[in-house]
Amino acid sequence: MGLLTNLRDSITRVTDRLFADEEPKRIGIYGPPNAGKTTLANRIARDWTGDAVGPESHIPHETRRARRKENVTIERNGKTVTIDIVDTPGVTTKVDYKEFLDHDMEKDDAVKRSREATEGVAEAMHWLREDVDGVIYVLDSTTDPFTQVNTMLIGIIESQDLPVLIFANKVDLDESDVKRISDAFPQHETVPLSALEGDNMDEVYEKIAEYFG
Amino acid sequence: MPEATTPDDGDAGDGVRLDLISGARMEGLTSMEKIRLILDSVRDGDIVVLEAGLSPEEESKLIEVTMTEISPDDFSGIEIETYPSTHQPNQGLMGRLLGKEEAPKKLTVIGPANQIETLHKDEDLISALVSRR
């Protein structure tokens with residue numbers, strides 16, 4: 001009798017969990033430095049909540065801490081999804097403070113920025129292994145996507161069984177080549193967009209609702 | 001229990017030392033031992049070539065640990081190259097729960113970021129320029 005009661009309670013707990021109001025899913029925005037991750041995070045957050053996530057810059061590693069915008073509810077084609085957007089620092093395997101000196105930065109500031117950047121990348125990797133439910137992988141469509149960091153990151157995401165959408169950003173620029181990205185990662189859907197200009201955001205939101213809803 | 005160290009058999013002098021590490025040697029190491037083995041060599045200015053590569057989780061940890069060790073004017077990180085995987089086995093959650101994860105079999109080259117530069121990479125060729133310290 002006790003066994004049956006326990007079994008019934010277990011089944012009830014599982015079904016309650018399955019049909020309970022879902023917690024917002026944490027969607028990590030990942031990609032190499034300067035792909036436009038923060039511009040995209042700000043675009044999504046502004047479109048659906050009116051607020052931004054963080055400052056944007058052409059200098060690499062402007063985002064040096066993972067930043068979260070909670071409870072962003074996106075509605076498209078009858079589908080509604082509530083997500084927490086996690087904007088992460090651009091992932092790389094090397095950070096040299098001397099690169100920042102080219103951006104009119106004093107050495108002390110450049111060293112401080114590089115230290116913060118390394119901490120941010122380590123944090124982003126940790127988030128990827130432990131704390132995200134899905135990934136938007138942002139690539140600059142004017143650059144070669146076939147880099148080691150991209151290959152490794154996509155491999156890591158796949159090994160975690162996380163749903164992933166690849167966003168080919170900066171399609172407003174003449175050098176943009178979306179096909180190069182879809183050819184590099186044919187196993188995933190590639191969505192073209194310009195986060196800066198707001199181009200193709202309807203499809204972006206449709207895909208977010210479809211993949212993460 | 002294999003030691004997570006490389007044999008110290010002398011100074012490379014003006015040359016660049018290459019450590020070619022077999023899959024068998026890496027197999028007996030824990031993830032952190034592998035990462036330590038790689039980073040200790042790379043921080044000494046050596047180039048490490050792994051016969052069998054790292055798993056995605058180990059690659060993720062390698063990036064994380066590398067970031068914590070970067071310091072100005074001393075170590076600026078790593079350059080890493082593997083052949084692109086032409087077949088991505090999507091094993092799924094059950095396969096991994098049942099411990100059926102396949103070991104990656106991809107030759108991997110890792111070196112100090114300030115000494116190694118990838119010149120060309122495709123499915124079956126990695127061409128790199130290695131400079132002295």
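User: Among contacts in chain A between residues at least 6 apart in sequence, what share join residues at least 24 apart?

Analyst: In this predicted model, the share is 71% of such contacts in chain A.

User: What is chain A made of, read along the sequence?

Analyst: Chain A has seven helices and six strands. Their pattern along the sequence is α-β-α-β-β-α-α-β-α-β-α-β-α. Of the 213 residues in chain A, 39% are buried.

User: What does a UniProt record place on chain A?

Analyst: An unreviewed UniProt entry places the feature "domain: G" at residues 26-170 of chain A. In the model, that stretch of chain A is 37% helix and 26% strand, with end C-alpha atoms 24 Å apart.

User: What makes strand 2 and strand 6 of chain A edge strands?

Analyst: The sheet of chain A is open, has six strands in the order 2-3-1-4-5-6, and is mixed in its pairing. Strand 2 and strand 6 (190-192) of chain A have a single partner strand each, so one side of each has no neighbour in the sheet. From one strand to the next, the twist averages 30 degrees.

User: How do you know that strand 1 and strand 3 of chain A pair?

Analyst: Pairing requires at least two bridges between two strands. Strand 1 and strand 3 of chain A are joined by five bridges and run parallel, therefore they meet the requirement. Within this pairing, A:I29 has A:D87 in strand 3 of chain A as its bridge partner.

User: Which strands of chain A does helix 2 of chain A touch?

Analyst: Helix 2 of chain A packs on the sheet and touches strand 1, strand 2, strand 3, strand 4 and strand 5 of chain A. Its direction makes about 55 degrees with that of strand 2 of chain A. Helix 5 of chain A lies across strand 1, strand 4 and strand 5 of chain A, and runs at about 165 degrees to strand 4 of chain A.

User: How do you know whether the span of helix 2 of chain A agrees or disagrees with its number of residues?

Analyst: Helix 2 (residues 37-49) of chain A has 13 residues, which at 1.5 Å a residue should span 18 Å. The end C-alpha atoms are 18 Å apart, so the two values agree. Just after helix 2 of chain A comes A:G50, with a positive phi of about 90 degrees.

User: Which residues of helix 2 of chain A are buried, and what covers them?

Analyst: The buried residues of helix 2 of chain A are A:K37, A:T38, A:T39, A:L40, A:A41, A:N42, A:R43, A:I44 and A:A45. Their cover includes strand 1 (25-30), strand 2 (67-76), strand 3 (79-87), strand 4 (134-140), strand 5 (164-169) and helix 7 (201-212) of chain A.

User: What is chain B made of?

Analyst: Chain B has four helices and six strands, in the pattern β-α-α-β-α-β-α-β-β-β. Buried residues are 27% of the 133 residues in chain B.

User: What makes strand 1 and strand 3 of chain B edge strands?

Analyst: Chain B has an open sheet of four strands in the order 1-2-4-3, with mixed pairing. Strand 1 (18-21) and strand 3 (78-82) of chain B each pair on one side only, and these are the edge strands. The twist from one strand to the next averages 15 degrees.

User: How do you know that strand 1 and strand 2 of chain B pair?

Analyst: Four bridges join strand 1 and strand 2 (residues 47-50) of chain B in the parallel sense; the requirement is at least two, so the strands pair. B:D19 has B:V48 in strand 2 of chain B as its bridge partner. Helix 2 (residues 31-43) of chain B lies across strand 1, strand 2, strand 3 and strand 4 (108-112) of chain B, at about 45 degrees to strand 4 of chain B.

User: How many residues of chain A are in contact with chain B?

Analyst: 24 residues of chain A are in contact with 24 residues of chain B. Helix 4 (107-130) and helix 5 (148-159) of chain A are the elements giving two or more residues to this side of chain A. Helix 4 of chain A gives the most, with nine residues. By type, the side of chain A that touches chain B has ten nonpolar, nine polar and five charged residues.

Methods:
Residues are numbered from 1 along each chain as its sequence is written. Chains are lettered from A and ligands numbered from 1 in the order in which they are written. This is a predicted model: local features need pLDDT of at least 70, side-chain atom pairs count only at pLDDT 80 or more; totals for chains, interfaces and linings use all residues. Two residues are in contact if their C-beta atoms, placed from the backbone, lie within 7 Å. Ala, Val, Leu, Ile, Met, Phe, Trp, Tyr, Cys and Pro count as nonpolar, Asp, Glu, Lys and Arg as charged, and the others, Gly among them, as polar. Axes are lines fitted to C-alpha atoms, for helices over the stretch in contact, and angles run from 0 to 180 degrees between N-to-C directions. The expected span of a helix is 1.5 Å times one less than its number of residues. A residue is buried if 20 or more other C-beta atoms lie within 10 Å of its own, exposed if 12 or fewer, and partly exposed in between; C-beta atoms are placed from the backbone. UniProt positions are given in the numbering used here, feature names are shortened, and annotations may be inferred rather than shown by experiment.
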